[in-house]
Amino acid sequence: MGLNDNTPTRRTFLSVSAAATAAATVLPAAAAAAPSLSASAELDGAELAGGGVGDLGGPGRPITPQRPDAQLRSLLRDIDPARVEATVRRLAAFGTRHTLSTQDDPVRGIGAARDWIFAQLSAYAAESGGRMTVEVQSYLQPVASRIPVPTVISNIVATVHGQTSPDRVYVITGHYDSRVTDVMNATGDAPGADDDASGVAVVLELARVMATRPSAATIVLAAVAGEEQGLYGSAYLAQQLKANGADVQGMVSNDIVGSPIGDDGVRHDRLVRMFAEGVPTAETAAEAATRRSIGGENDSVSRQLARYALATAQNEHTGMNIRLVYRRDRYLRGSDHISFLNLGYPGCRFTEPREDFAHQHQDVRVENGVQYGDLPEFCDFRYIARVAKVNAALFWSLAQAPGTPKAVKIDTSALTNKSTLRWTRGSEPDLVGYEIVWRESSAPDWTHVVEVGDVTTATIDLSKDNVQFGVRAVDQAGRRSPAAAPTPA
């Protein structure tokens, strides 16, 4: 299940736009181009029932995934497993990248890794025609948990600047620090191939292929430090974005994406896990009360981001399936998306399908004939490249589509079996309309879509007491935004 593809024609939205000044509209459920309706038109569920609906009945037609366009397919083809391998092996060759390791040795330690990553990203930026810039974002971390002395922590941040919606931001990270069994051991060999040179390789390869392509919105690609000591680098990155007023509409951490083989030896070559929280980490008491009253625990902004990933990044062009896990992260573990969740941003985590803990957070050694340690030989570079394609499909689709609708409300001023939704119109120059999506409250993903045109209010003859609603934006090319769930008004 996923979001809708390009089936509705531009003609549909342009015809409806003629009535866009009106207060409310409902469109019929036909999959073909619909005739324009006056803003006061209403069609009930019985009239709509024959118009392409699924087994549930009700308005609209079944939803389908959003297919990659020619531009995205070209980008996906350019992702190179050989370059991914070179990045993982080079990072592992620095010996250790522990956050507390040396920062001024040119061949070993986190400082050498920092400088190499910056050089790679700077080379890509030089070929971007000014589209991409790179900075080393550093700060002095005071003494804190797992930080025994004041320590400089540096993120390397590449920014693909948006051409038409530069204030709308999407963030992709991997962490370049590493560790062994003792999290405070800053000198022992900690190659960190899977955890997390694999995630950094995703970031670097995406920076390479995105640098030369114009993007509508801004994409931030960051190799962050301090993750193993306590998410310090990503927390600073998120705080800087917040302080600058960035409209971060989606973030994903790529952490341990290096191998499809778990500790049972079984391969899952075409599967990646995506962790997505339900109850928001940053939820206020008032927001919690609203969520409890409407049953919104499965409609957080992070869950909407995860649903959008299914719709855009699970197809033959990425070669991957996504297993959604409806929790913030794994037991006893946490990654850099949590830094963004703490500030109320949508955030998820990609990680391999089944882990082998002999090759994570382990001293490099042979014990009872078993090789321990996070070594490149236990990574699958073609698998990492496919994870990079999943990221590329998700974030390129996000950045080229309209932004997620804002201020989405559902009218609760009167008892009625109809549902009226309102939202604020986006500012994208190629925006042509909106769609209402809905599903049974027990369904994991959106199942139906109703086209409502270029309006900011729509009334659906379907009871809000029975289903969950969302609103998404559509552009001239038929690209959809993630859905935004309404709050009562």
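Is Arg-108 buried, exposed or partly exposed? With a relative accessibility of 28%, Arg-108 counts as partly exposed; here buried means under 20% relative accessible area, exposed over 50%, and partly exposed in between, using a 1.4 Å probe and protein chains only.

Before going on, a word on what you are looking at. This is a predicted model, where local features need pLDDT of at least 70, side-chain atom pairs count only at pLDDT 80 or more, and totals for chains, interfaces and linings use all residues. Residues are numbered from 1 along each chain as its sequence is written, and side-chain values use heavy atoms, with hydrogens and water left out.

**Salt bridges**

The structure holds 32 salt bridges, each being a side-chain nitrogen of Lys or Arg within 4 Å of a carboxyl oxygen of Asp or Glu. Arg-108 takes part in one of them, pairing with Asp-189. Arg-108 sits in the loop between helix H4 (81–92) and helix H5 (110–126), while Asp-189 sits in the loop between strand S4 (165–175) and helix H6 (193–210), so this pair ties together parts that are 81 residues apart in sequence. Helices (H or I, at least four residues) and strands (E, at least two) are DSSP runs, numbered from the N terminus. Asp-189 is partly exposed too, at 46% relative accessibility.

| Salt bridge | N to O distance |
|---|---|
| Arg-108 with Asp-189 | 2.9 Å |
| Arg-114 with Asp-115 | 2.9 Å |
| Asp-430 with Arg-479 | 3.8 Å |

In the Arg-114 pair, Arg-114 counts as buried at 15% relative accessibility, whereas Asp-115 is partly exposed at 45%. What about the Asp-430 pair? Asp-430 lies in the loop between strand S13 (419–424) and strand S14 (431–440), and Arg-479 in the loop between strand S17 (467–475) and strand S18 (487–488), so the bridge ties together parts that are 49 residues apart in sequence. Asp-430 comes out as partly exposed, at 22% relative accessibility. Elsewhere, salt bridges with shared partners join Asp-255, Arg-273, Asp-329, Arg-330, Arg-349 and Glu-355 into one network.

**Aromatic rings**

On to the rings. The count comes to 3 aromatic pairs. The rule takes rings of Phe, Tyr and Trp (its six-membered ring) with centres within 6.5 Å, and calls planes under 30 degrees apart stacked, over 60 edge-to-face and the rest tilted. Tyr-139 and Tyr-236 make a stacked pair, 4.3 Å centre to centre with 10° between the planes. This pair links distant parts of the chain, since Tyr-139 is in strand S2 (residues 132–141) and Tyr-236 in helix H8 (residues 232–243), 97 residues apart. Both Tyr-139 and Tyr-236 are buried.

Trp-423 and Tyr-434 form a tilted pair, with 5.3 Å between centres and 50° between planes. Trp-423 belongs to strand S13 and Tyr-434 to strand S14, 11 residues apart. Trp-423 is buried at 6% relative accessible area, and Tyr-434 is buried at 1%.

Some rings also have a charge sitting over them (NZ of Lys or CZ of Arg within 6 Å of the ring centre and within 35 degrees of the ring normal). The charged end of Lys-242 is over the ring of Tyr-345, 4.8 Å from its centre. Likewise, the charged end of Arg-439 is over the ring of Trp-446, at 4.6 Å from the centre.

**Helix H8**

H8 has 12 residues and reaches 16 Å from its first C-alpha to its last, close to the 16 Å expected at 1.5 Å a residue; the expected span is 1.5 Å times one less than the number of residues. Its buried residues include Tyr-232, Tyr-236 and Leu-241. Just after H8, Gly-245 takes a positive phi of about 75°.

Ile-384 lies in helix H12 (residues 381–400) and is buried, with a relative accessible area of 0%. Leaving aside neighbours within four places in sequence, its contacts (heavy atoms within 4.5 Å) include Val-84, Val-88, Ser-198 and Cys-379. The C-alpha atoms of Ile-384 and Asp-80 are 9.9 Å apart, although 304 residues separate the two along the chain.

Ser-259 is in the loop between strand S6 (247–254) and strand S7 (271–276), and is buried at 6%. Its side chain reaches the backbone nitrogen of Ile-261 at 3.1 Å. Beyond its neighbours within four places in sequence, Ser-259 is in contact with residues including Asp-194, Glu-352 and Tyr-383.

Conventions
A polar contact is a pair of N or O atoms within 3.5 Å; within protein, one must be able to donate a hydrogen and the other to accept it, and residues adjacent in sequence count only if both atoms are side-chain atoms.
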